[in-house]
Amino acid sequence: MTFSNKLKEARRSANLSQKQLAEKLNLSEKTISAYEMERAIPPVPTLEKIAKITGQPINFFMNGDEGKVTLNDIAEKLDIIMSELKKLNGK
Amino acid sequence: MGNKISPKELLDLAMEVGILKRVIRTGWQKKGVADPESVAEHTFRTAILAMILAPQYSLDQSKVLKMALVHDLGEAAIGDVIWEQGKVVIGSKEEKHKDERQAINDMFADNPHFQEYVELWEEFEKQETAEAKFVKQLDKLEMVIQAFEYKKEGSNKESLQEFWDNAEKYLSNQELGRYFEELKKLKK
């Protein structure tokens, strides 16, 4: 799952609007929107604040497989595995 | 002694600025560039270009160099927000600047010793003075040199085209346009 989707999921789970999250971070709503539109990734200290506000572990927002794994993550990985298997069969 | 920055203030500032070593330039990341540079790396070469070129254009080298060093400092708090794609504006420059201004003020914490840097950042943002316009050109020249290098390293030429278009917007028919023209020849 992309960072922007993780942020949206975490924000909605915490019942926060973009505006409310922006106010808690002392940032503009447009910046939160930029994070959720994949136009930026917040620096680590801001990410730590987001994790604290939304009640998620910081690893949830980081790259890799740490944190929560969703069905979409599993489906994406299965697609990759299936595609690799097809390539191997073709050889 | 009274005018010296306290050890705590210095360390706080150093750590705040150090965040930029880990803020990845979003544009490259979105285009799938492998191991894209940080904002600090972009600032480093922009500053070198400022040091070399400012005297050649009869500009105050010290002022241009300092402005180049502070021009992206606000990104330490919000990240590198994309607000332009090629020649097209896609985000709110005003809101980005508002958040960055807040970050710069927090970083320098109303310390009178640092007001010069806050003012230089403001001057760059306003884009009214010769030095501010020059640093903007340096910022774009550095970016397009990087696009050239990423292409050489194997990044997709088409996906990087928007950076060339963006550089064209700021460098065409400007003082530093000749360096951009030379780079375009090398690209072919």
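Author: Of the 91 residues in chain A, 25% are buried. This is a predicted model, and chain A in it has 6 helices and 0 strands. Its pattern along the sequence reads α-α-α-α-α-α. Among the contacts in chain A with a separation of 6 or more, 52% join residues 24 or more positions apart.

One spot in chain A deserves a look before we move on. Asn15(A) sits in the loop between helix 1 (3–13) and helix 2 (18–25) of chain A. Its phi is near 55°, a positive value in a residue other than glycine. Most residues other than glycine have a negative phi. Asn15(A) counts as exposed because it has 8 C-beta neighbours inside 10 Å, and the cut-off for exposed is 12 or fewer.

Now to the place where the chains meet. Here 19 residues of chain B are in contact with 15 residues of chain A. On the chain B side, the elements that give two or more residues are helix 2 (26–30), helix 5 (75–78) and helix 6 (93–108) of chain B. Helix 6 of chain B gives the most, with 4 residues. By class, this side of chain B has 8 nonpolar, 5 polar and 6 charged residues.

From there, let us go to the largest nonpolar core, which has 53 residues. Those with the most contacts inside this core are Ala50(B), Ala76(B), Val135(B) and Leu138(B). Helix 8 (residues 130–152) of chain B gives the most to the core, with 8 residues. Leaving aside neighbours within four places in sequence, Ala50(B) is in contact with Val64(B), Leu65(B), Ala68(B), Val135(B) and Leu138(B).

Helix 4 (residues 61–70) of chain B packs against helix 8 of chain B at an angle of about 55°, and their axes are 10 Å apart. That angle makes helix 4 of chain B oblique to helix 8 of chain B. Their crossing is right-handed. Helix 4 of chain B brings Lys63(B), Val64(B), Met67(B) and Ala68(B) to the contact, while helix 8 of chain B brings Glu131(B), Ala132(B), Phe134(B), Val135(B) and Leu138(B). Sorted by class, this contact has 7 nonpolar, no polar and 2 charged residues.

Helix 8 of chain B also packs with helix 9 of chain B, where the axes come within 9 Å and cross at roughly 155°. The two helices are therefore roughly antiparallel to each other, as angles over 145 degrees count as such. Helix 8 of chain B passes helix 9 of chain B in a left-handed crossing. From helix 8 of chain B, the contact includes Lys136(B), Leu141(B), Met143(B) and Val144(B), and from helix 9 of chain B it includes Phe163(B), Trp164(B), Tyr170(B) and Leu171(B). By class, this contact has 9 nonpolar, 2 polar and 2 charged residues.

Asn173(B) is in the loop between helix 9 (161–171) and helix 10 (177–187) of chain B. The phi of Asn173(B) is near 65°, a positive value in a residue other than glycine. With 6 C-beta neighbours inside 10 Å, Asn173(B) counts as exposed.

Terms used:
Residues are numbered from 1 along each chain as its sequence is written. Chains are lettered from A and ligands numbered from 1 in the order in which they are written. This is a predicted model: local features need pLDDT of at least 70, side-chain atom pairs count only at pLDDT 80 or more; totals for chains, interfaces and linings use all residues. A residue is buried if 20 or more other C-beta atoms lie within 10 Å of its own, exposed if 12 or fewer, and partly exposed in between; C-beta atoms are placed from the backbone. Two residues are in contact if their C-beta atoms, placed from the backbone, lie within 7 Å. Ala, Val, Leu, Ile, Met, Phe, Trp, Tyr, Cys and Pro count as nonpolar, Asp, Glu, Lys and Arg as charged, and the others, Gly among them, as polar. A nonpolar core is a set of buried Ala, Val, Leu, Ile, Met, Phe, Trp, Tyr and Cys residues joined through C-beta atoms within 7 Å. Axes are lines fitted to C-alpha atoms, for helices over the stretch in contact, and angles run from 0 to 180 degrees between N-to-C directions. Angles under 35 degrees count as roughly parallel, over 145 as roughly antiparallel, 65 to 115 as roughly perpendicular and the rest as oblique. A crossing is left-handed if the near helix is turned anticlockwise from the far one by less than a right angle, and right-handed if clockwise.
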